[in-house]
Amino acid sequence: MMHMTFYWGKKVTLLFDSWRTDSWTSYGLSLLAVLIVSVFYQYMEDRRIRFKALSVFNPSQPSVESPLLAGGVKRSSARFASALLFGVNSGIGYMLMLAVMSFNGGVFIAIVVGLTIGYLFFRTGDDGELAVVDNPCACA
(Lines give C-alpha, C1' and ligand atoms only; values in the text may rest on other atoms or scores of the structure.)
Protein backbone atom coordinates (compact mmCIF):
# COMPACT_ATOMS: atom_id res chain seq x y z
CA MET A 1 0.00 0.00 0.00
CA MET A 2 1.30 3.44 -0.89
CA HIS A 3 1.04 6.09 1.79
CA MET A 4 -0.16 9.57 0.89
CA THR A 5 0.77 11.20 4.22
CA PHE A 6 3.91 11.02 6.31
CA TYR A 7 4.17 7.98 8.51
CA TRP A 8 6.75 6.61 10.92
CA GLY A 9 7.76 2.99 10.82
CA LYS A 10 10.36 0.50 9.73
CA LYS A 11 8.36 -0.88 6.80
CA VAL A 12 9.10 1.19 3.72
CA THR A 13 9.56 0.60 0.00
CA LEU A 14 12.22 2.83 -1.54
CA LEU A 15 12.43 3.45 -5.29
CA PHE A 16 12.04 -0.22 -6.33
CA ASP A 17 9.76 -3.05 -5.25
CA SER A 18 12.85 -5.06 -4.37
CA TRP A 19 14.09 -2.38 -1.93
CA ARG A 20 11.78 -3.10 1.00
CA THR A 21 12.64 -2.89 4.66
CA ASP A 22 10.94 -5.02 7.25
CA SER A 23 13.46 -5.03 10.11
CA TRP A 24 15.12 -2.27 12.06
CA THR A 25 18.50 -3.32 10.65
CA SER A 26 17.43 -3.06 7.01
CA TYR A 27 15.60 0.19 7.77
CA GLY A 28 18.69 1.69 9.44
CA LEU A 29 20.95 0.59 6.58
CA SER A 30 18.52 2.09 4.07
CA LEU A 31 18.48 5.38 5.95
CA LEU A 32 22.28 5.36 6.01
CA ALA A 33 22.40 4.68 2.26
CA VAL A 34 19.97 7.53 1.54
CA LEU A 35 21.97 9.87 3.79
CA ILE A 36 25.23 8.98 1.97
CA VAL A 37 23.63 9.54 -1.44
CA SER A 38 22.37 12.94 -0.22
CA VAL A 39 25.88 13.93 0.87
CA PHE A 40 27.22 12.70 -2.48
CA TYR A 41 24.61 14.85 -4.27
CA GLN A 42 26.00 17.97 -2.60
CA TYR A 43 29.55 16.89 -3.42
CA MET A 44 28.65 16.44 -7.09
CA GLU A 45 26.88 19.80 -7.16
CA ASP A 46 30.02 21.44 -5.75
CA ARG A 47 32.19 19.70 -8.37
CA ARG A 48 29.82 20.80 -11.14
CA ILE A 49 29.85 24.44 -10.01
CA ARG A 50 33.63 24.48 -9.62
CA PHE A 51 34.13 22.81 -13.00
CA LYS A 52 31.83 25.36 -14.60
CA ALA A 53 33.84 28.17 -12.99
CA LEU A 54 37.11 26.67 -14.24
CA SER A 55 35.78 26.11 -17.75
CA VAL A 56 34.53 29.71 -17.99
CA PHE A 57 37.74 31.17 -16.55
CA ASN A 58 40.36 31.39 -19.27
CA PRO A 59 43.58 33.19 -18.24
CA SER A 60 44.90 33.28 -21.81
CA GLN A 61 42.15 35.33 -23.42
CA PRO A 62 42.34 35.40 -27.21
CA SER A 63 43.18 38.62 -28.88
CA VAL A 64 40.43 40.97 -30.00
CA GLU A 65 41.35 40.31 -33.64
CA SER A 66 40.27 36.64 -33.50
CA PRO A 67 37.02 36.41 -31.53
CA LEU A 68 35.63 33.60 -33.71
CA LEU A 69 38.61 31.37 -32.98
CA ALA A 70 38.09 31.49 -29.23
CA GLY A 71 36.99 28.29 -27.57
CA GLY A 72 37.40 25.58 -30.13
CA VAL A 73 37.66 21.94 -29.05
CA LYS A 74 38.71 22.78 -25.49
CA ARG A 75 35.60 24.87 -24.92
CA SER A 76 33.24 22.29 -26.41
CA SER A 77 34.72 19.43 -24.36
CA ALA A 78 34.41 21.54 -21.19
CA ARG A 79 30.79 22.27 -22.03
CA PHE A 80 30.14 18.57 -22.69
CA ALA A 81 31.71 17.55 -19.37
CA SER A 82 29.75 20.24 -17.54
CA ALA A 83 26.53 19.03 -19.17
CA LEU A 84 27.37 15.44 -18.25
CA LEU A 85 27.89 16.41 -14.59
CA PHE A 86 24.62 18.32 -14.67
CA GLY A 87 22.80 15.26 -16.02
CA VAL A 88 24.26 12.91 -13.41
CA ASN A 89 23.45 15.34 -10.62
CA SER A 90 19.91 15.83 -11.92
CA GLY A 91 19.38 12.07 -11.93
CA ILE A 92 20.60 11.78 -8.34
CA GLY A 93 18.38 14.68 -7.31
CA TYR A 94 15.29 13.12 -8.88
CA MET A 95 16.02 9.78 -7.22
CA LEU A 96 16.25 11.54 -3.85
CA MET A 97 12.96 13.29 -4.57
CA LEU A 98 11.32 9.96 -5.36
CA ALA A 99 12.71 8.51 -2.12
CA VAL A 100 11.11 11.36 -0.17
CA MET A 101 7.85 10.53 -1.94
CA SER A 102 7.80 7.25 -0.02
CA PHE A 103 6.37 9.53 2.70
CA ASN A 104 8.39 7.84 5.41
CA GLY A 105 9.45 10.36 8.05
CA GLY A 106 12.80 8.70 8.65
CA VAL A 107 13.68 8.77 4.95
CA PHE A 108 12.72 12.45 4.77
CA ILE A 109 14.87 13.32 7.78
CA ALA A 110 17.82 11.25 6.49
CA ILE A 111 17.75 13.07 3.15
CA VAL A 112 17.49 16.52 4.73
CA VAL A 113 20.30 15.73 7.19
CA GLY A 114 22.45 14.32 4.36
CA LEU A 115 21.91 17.40 2.20
CA THR A 116 22.74 19.62 5.18
CA ILE A 117 25.94 17.71 5.99
CA GLY A 118 26.97 17.75 2.33
CA TYR A 119 26.33 21.47 2.07
CA LEU A 120 28.30 22.08 5.26
CA PHE A 121 31.31 20.06 4.09
CA PHE A 122 31.38 20.82 0.38
CA ARG A 123 29.52 24.01 -0.39
CA THR A 124 30.46 26.45 2.37
CA GLY A 125 33.77 28.00 3.23
CA ASP A 126 36.11 30.71 2.04
CA ASP A 127 35.63 30.02 -1.66
CA GLY A 128 32.29 28.20 -1.41
CA GLU A 129 30.32 31.08 -2.89
CA LEU A 130 31.56 31.02 -6.46
CA ALA A 131 29.89 33.25 -8.98
CA VAL A 132 30.01 32.04 -12.55
CA VAL A 133 29.52 34.87 -14.99
CA ASP A 134 29.61 34.18 -18.70
CA ASN A 135 30.80 37.32 -20.43
CA PRO A 136 30.50 36.96 -24.19
CA CYS A 137 32.20 40.32 -24.70
CA ALA A 138 35.78 40.13 -23.44
CA CYS A 139 36.55 43.60 -24.78
CA ALA A 140 37.04 45.32 -21.43
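Close-up 1. An axis here is a line fitted to the C-alpha atoms of a helix over the stretch in contact. With that in hand, welcome to this predicted model. Two packed helices are described by the angle between their axes and the distance between the axes. The axes of H1 (residues 24–56) and H3 (residues 105–122) come within 8 Å, crossing at roughly 35°. The crossing of H1 past H3 is right-handed. On the H1 side, the residues making the contact include Tyr27, Leu31, Val34, Leu35, Asp46 and Arg50. H3 contributes, among others, Val107, Ala110, Ile111, Gly114, Ile117 and Phe122. Sorted by class, this contact holds 15 nonpolar, five polar and two charged residues.

**Close-up 2. Trp24 and Tyr27 form an aromatic pair in H1.** A pair of aromatic rings is described by the distance of the centres and the angle of the planes. For Trp24 and Tyr27, the centres are 5.9 Å apart and the planes stand at 80°, an edge-to-face arrangement. The two residues sit three apart in helix H1, about one turn of the helix.

**Close-up 3. Three Phe residues gather in one aromatic cluster.** Here you can find Phe6, Phe103 and Phe108 together. The whole count comes to five aromatic pairs.

**Close-up 4. Glu45 and Arg48 join in a salt bridge.** Side chains of opposite charge can pair when their charged atoms come close. Between Glu45 and Arg48 the N to O distance is 2.7 Å. Both belong to H1, three residues apart, about one turn of the helix. Glu45 is buried, with a relative accessible area of 13%, and Arg48 counts as buried at 17%.

**Close-up 5. Asp46 links up with Arg47 and Arg50 in a network of salt bridges.** How far apart are the closest N and O atoms of Asp46 and Arg47? They are 2.6 Å apart. For Asp46 and Arg50, the closest N and O atoms are 3.0 Å apart, and these two residues lie four apart in H1, about one turn of the helix. Asp46 is buried at 5% relative accessibility, whereas Arg47, at 35%, is partly exposed. A search of the whole structure finds four salt bridges.

Methods
Residues are numbered from 1 along each chain as its sequence is written. This is a predicted model: local features need pLDDT of at least 70, side-chain atom pairs count only at pLDDT 80 or more; totals for chains, interfaces and linings use all residues. Side-chain values use heavy atoms; hydrogens and water are left out. Axes are lines fitted to C-alpha atoms, for helices over the stretch in contact, and angles run from 0 to 180 degrees between N-to-C directions. A crossing is left-handed if the near helix is turned anticlockwise from the far one by less than a right angle, and right-handed if clockwise. Contact means heavy atoms within 4.5 Å. Ala, Val, Leu, Ile, Met, Phe, Trp, Tyr, Cys and Pro count as nonpolar, Asp, Glu, Lys and Arg as charged, and the others, Gly among them, as polar. Rings of Phe, Tyr and Trp (its six-membered ring) pair if their centres lie within 6.5 Å; planes under 30 degrees apart count as stacked, over 60 as edge-to-face and the rest as tilted. A salt bridge is a side-chain nitrogen of Lys or Arg within 4 Å of a carboxyl oxygen of Asp or Glu. Buried means under 20% relative accessible area, exposed over 50%, partly exposed in between (1.4 Å probe, protein chains only).
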